[in-house]
Amino acid sequence: MDNSPTLTTARFLHHLHWPGVRTLMRPLRGVDLVAGLLTALLCVGCGVSYDEVAAPEPTPQAGYCRIPAAEVEARIDDLLPRMTLEEKVAMMAGTSGADGMWPTSRNDRLGIPGLIMVDGPRGVSAAAGHATAFPVGMARAATWDPSLEERVGEAIGIETRAMGGNVILAPTVNVLRHPRWGRAQETYGEDPLVLGRMAVGFIRGAQRHVLASVKHFAVNSIDDTRNFIDVTIDERTLREIYLPHFRAAVQEAQVGSVMSAYNMVNGQYCAENTHLLHDILKEEWGFEGFVESDWHLGTRSTVPSVLAGLDIEMPKPIYFDERLIAAVESGAVPEANIDAAVRRILRAQFCFELDTKPPQKDPTLVESPEHTGLALEVARRSIVLLKNDAASLPLDRSRVRSLAVVGKLADQGNIGDNGSSRVDPSYIVTPLQGIQNHAGPVNMVAVPTDVLSDEDRAAVRAADAAVVVVGLVAADEGEANDRERLGLSSKQEQLIAEVSVLNDRTIVVLEGGSAILVEAWIDAVPAVMMAWYPGQEGGNAIAEVLFGDVNPSAKLPIVFPRAEADLPPFPYRPLAITYGYYHGYRLLDRNGTKPRFPFGFGLGYTEYRYSNLEVARPVLSREESLRVSVDVTNTGARAGREIAQLYVSYRGSAVDRPVKDLRGFASVPLAAGETKRLSFELPVKDLAYYDVDVARWTTEAIRYVVQVGPSSADLPLSTEIEVRD
Ligand code: BGC
């Protein structure tokens, strides 16, 4: 175990500040609409409703500025020459924080409001008071619904402003390279497309009220050594796997700010990484906002950081203080760099109208019934049913007379880690309370322990079914705290084994931030669901899924492997590591390894059929878009929601390509018996790879296989298209 003083100090310092397709679905085009209506008419009387639908897409946002950009630039042109060097440098650092709020300096003389930052990705930080605790990012990713995420972003934006902040330090969009990453729960999974679509949703919602800060730029997916680790990564992997979602946040959602990561990438700390901050983010992507460093130990230098493009040192000036003034005076930093940074900071403040619409504290907007209601809606939509043999679920209240609810976690509020993303709602519905709330005539027997007594055993044996709640807690995973193992604790595994012997109808409810190894016990139980860290209303949502009031519809945004050996290496507290191109489903696909539960997998209480896959034009030029439509039918007896997925494979590519890449998805509600025609639209350019030799994206003129279906491992429909010069 590495107990080096640096690591321990870093952890201590860190804790000081915790008081703790394209959804590819476009709006309906006229022709499609007419066709859809005609088909619907033809189908009247045939018992099937038939619609062409486009997945709900987050509301578009035109440019960075909410008000005319030219006015803002003119105002900055006027201000900059009137500011002293000291005043300008003062804007480039935080001023420490209190009560969960992290301000930067305001300038009353010049009418500059300053920024007030607050965490974070699952709701407003506990340090700022009570707030709505939503399911964690990973749970929300399991909804595969960017428009739902937009509503979450909006609610968190409203609460941020109503609690006194104007920048929300979210969303976290780092790739889940390995499920042992402590902050897995904060992000949207392992795939750049899902990460990007969900981030765009969140940002658009939040930025109706405050600025968002997408984090942590970049390649930040190991936490124990996050302040020191040097990640070596080749340019193609960086561009194709670790950056596309940041680019979506910048170019599609016009994110207000970007937080640089703690770690090094290819030998340079992210806050002084010219390639990332200057070359890619600002020059190539045209990012117009500011970059702030991650917190303690997030900024490492004065001159290299400013020259690389870091605009704000958080949370207080250690390097961006007199040293920066001296560096300008000595000529080590041209004043033009300071002006450029201050321009970005001012642009953000004026463009987002922070001067004319300051935060207004309003407790009635925080943890409001609308927001806790949304937390419940999202929790319902985020629970993934992983196994359901012999239709063990749902539990029929008219048949199940008694239900044992077992496990310490059954009666524990378990909503995520205690790091910067911690949220403190005024109540948490535990699974036990939720089941009690929804049990109706069912007699619930509470056994909230991991170690059974003889009396408990008798109760479990006597019940018609048993629900065992197990999983991870904040001590197992979180910020600066990577997981030590992928399985449950041996105590919990033993508990499942014991209950499954006592009761044939044992249902396991898992909680946690990412994949859990289930091999030790999966065959012993008929049903398993992944509830993640489900937010303050989670217990109600779990109960509703158990009793069938809600038909589960979520799917895994990550792969659940059978063994840790199937994943990329995740050494213990590494100070240096090389990231390869492959992780998650792409790695398992490449190695021909069967996952326990595939990426994109999730069951429901109904069945869906995919049919009639059609591409509008099978031969395309690079400038065109691939248009794919497919029918999805709910063949079961109850209403549900299906997440359809589109993957593309490559025939005869000049470079190594994944077996398949997710390129589109859509979440669609379907009544019993209903068929909807889904249409995906994907610019051919999105099929490009990053050609390192010419430093450019290259779209190959080759054949591409398009596959559609319910999960990465179940793609019943397939067709080919060709891209020609
Ligand atoms: C975390 C950030 C967080 C910041 C402020 C850092 O340690 O990495 O995600 O926003 O603290 O709390």
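This is a predicted model: local features need pLDDT of at least 70, side-chain atom pairs count only at pLDDT 80 or more; totals for chains, interfaces and linings use all residues.

Author: Helix 8, residues 235–242, is mostly covered, with eight of its eight residues buried.

Reader: Which residues of helix 8 are buried?

Author: A residue counts as buried when its relative accessible area is under 20%. In helix 8 the residues that fall under this cut-off are E235, R236, T237, L238, R239, E240, I241 and Y242.

Reader: At the start of helix 8, which backbone nitrogen does a side-chain oxygen of D234 reach?

Author: Helix 8 spans residues 235–242. At its start, the side-chain oxygen of D234 comes to within 3.2 Å of a backbone nitrogen, and that nitrogen belongs to R236.

Reader: Which residue of strand 17 stands opposite I233?

Author: Strand 6 covers residues 230–233 and pairs with strand 17 in the parallel sense, over four bridges. In strand 17, the residue opposite I233 is Y579.

Reader: Which strands stand at the edges of the open sheet, each with a single partner strand?

Author: The sheet has four strands in the order 9-8-6-17, with mixed pairing.

Reader: What is the bridge partner of D631 in strand 23?

Author: Strand 20 (residues 625–634) and strand 23 pair in the antiparallel sense over nine bridges. Strand 23, residues 675–683, is mostly covered, with eight of its nine residues buried. Within strand 23, the bridge partner of D631 is R677.

Reader: What is the radius of gyration of the chain, and why does it agree with a compact globule?

Author: The C-alpha atoms fill a box of roughly 80 × 65 × 45 Å along the principal axes. For 725 residues, a compact globule would have a radius of gyration near 27 Å, and the value for the chain agrees with this because it is 26 Å.

Reader: What share of the accessible surface of the chain belongs to carbon and sulfur atoms?

Author: Of the 725 residues, 63% count as buried. The accessible surface of the chain comes to about 24,900 Å², and the share of carbon and sulfur atoms in it is 52%.

Reader: How far apart are the mean positions of the positive and negative charges of the chain?

Author: The chain has 71 positive and 94 negative charges. Taking the mean position of each set, the distance between the two is 3 Å.

Conventions. Residues are numbered from 1 along each chain as its sequence is written. Side-chain values use heavy atoms; hydrogens and water are left out. Two strands pair if DSSP finds at least two bridges between them. Helices (H or I, at least four residues) and strands (E, at least two) are DSSP runs, numbered from the N terminus. Buried means under 20% relative accessible area, exposed over 50%, partly exposed in between (1.4 Å probe, protein chains only). A polar contact is a pair of N or O atoms within 3.5 Å; within protein, one must be able to donate a hydrogen and the other to accept it, and residues adjacent in sequence count only if both atoms are side-chain atoms. The radius of gyration is taken over C-alpha atoms; the globule rule is 2.2 Å times the number of residues to the power 0.38. Accessible areas come from the Shrake-Rupley method with a 1.4 Å probe; for residues, only the protein chains shown count as cover. Lys and Arg count as positive and Asp and Glu as negative; His and the chain ends are not counted. The place of a charge is taken as NZ of Lys, CZ of Arg, CG of Asp or CD of Glu.
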